[in-house]
Amino acid sequence: PAAGADRAAAQAWLAGAYLRVFGPARADDLAWWAAFTRAEAGAALAAHETVDVGAGLLLHATDLPDFEAAQPLPDDPVLDPKWDAWTMGYPLEGRARFVDREVHDRLFDGDGNGLGAVLVAGRAVGAWGHRGVSGRMEADLDLFDRPTPRLREAIESRLGAVAAFLGYRELRVRDVPTVVPDRPRIRRPLA
């Protein structure tokens, strides 16, 4: 610990920052993310005025009006990048808010790294990855279910926007059974 630092105050500050970014969240989510004990997470969250919005999901009380006014997410696909802070912010059981357990291991590698996610209305419908080859972006796409033609076209359009942003002249999309890298894994404890 830094000289003169108040551990409890620092943990409370971090809990508040976590809620602002990842809330609503459970105390167990914070404990996993910050490597706190459950008691430390509970004490750190108790330093804030929170509201339980159901299932132990806590939100800053000041964020409640915005939370209640939120509209459902649109059905337009969103491409989250590998290691996105949002998908990496929760432990395994906390990820149920955006990915079904049956396909979880197609979105996270065996070391816990989040891969590129294809989200529709906030739920993972696939995983993606890319690499550059001679000025072309080659995108691998692992969709968990067969998409409608409209959804497939929208996903490829988003991939094209990523390719253009990264300066590639061309895009090639290939369907694959997984985008999880084929390498030995170090399965770390999830809790």
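## The second largest pocket

Let's start with the second largest pocket, which is lined by 14 residues, with K82, G116, W128, G129 and H130 nearest its centre. Here a pocket is, on a 1 Å grid over the protein atoms alone, an open set of points where a 1.4 Å probe fits, with protein on both sides within 12 Å along at least five of seven lines; lining residues have an atom within 4 Å of a point. Its volume is about 300 Å³, counted as the space filled by probe spheres set on the points.

Strand β5 (residues 123–133) gives the most to this lining, with four residues. By class, the lining has eight nonpolar, three polar and three charged residues (Ala, Val, Leu, Ile, Met, Phe, Trp, Tyr, Cys and Pro are nonpolar, Asp, Glu, Lys and Arg charged, the others, Gly among them, polar).

## About the model

This is a predicted model, where local features need pLDDT of at least 70 and side-chain atom pairs pLDDT 80 or more, while totals for chains, interfaces and linings use all residues. Residues are numbered from 1 along each chain as its sequence is written, and side-chain values use heavy atoms, leaving out hydrogens and water.

## The largest pocket

The largest pocket holds about 360 Å³ of space. It has 17 lining residues, and L73, W86, L119, A121 and G122 are the closest to its centre.

Both α1 (7–22) and β4 (116–120) supply at least two residues of that lining; helices (H or I, at least four residues) and strands (E, at least two) are DSSP runs, numbered from the N terminus. The lining divides into twelve nonpolar, three polar and two charged residues.
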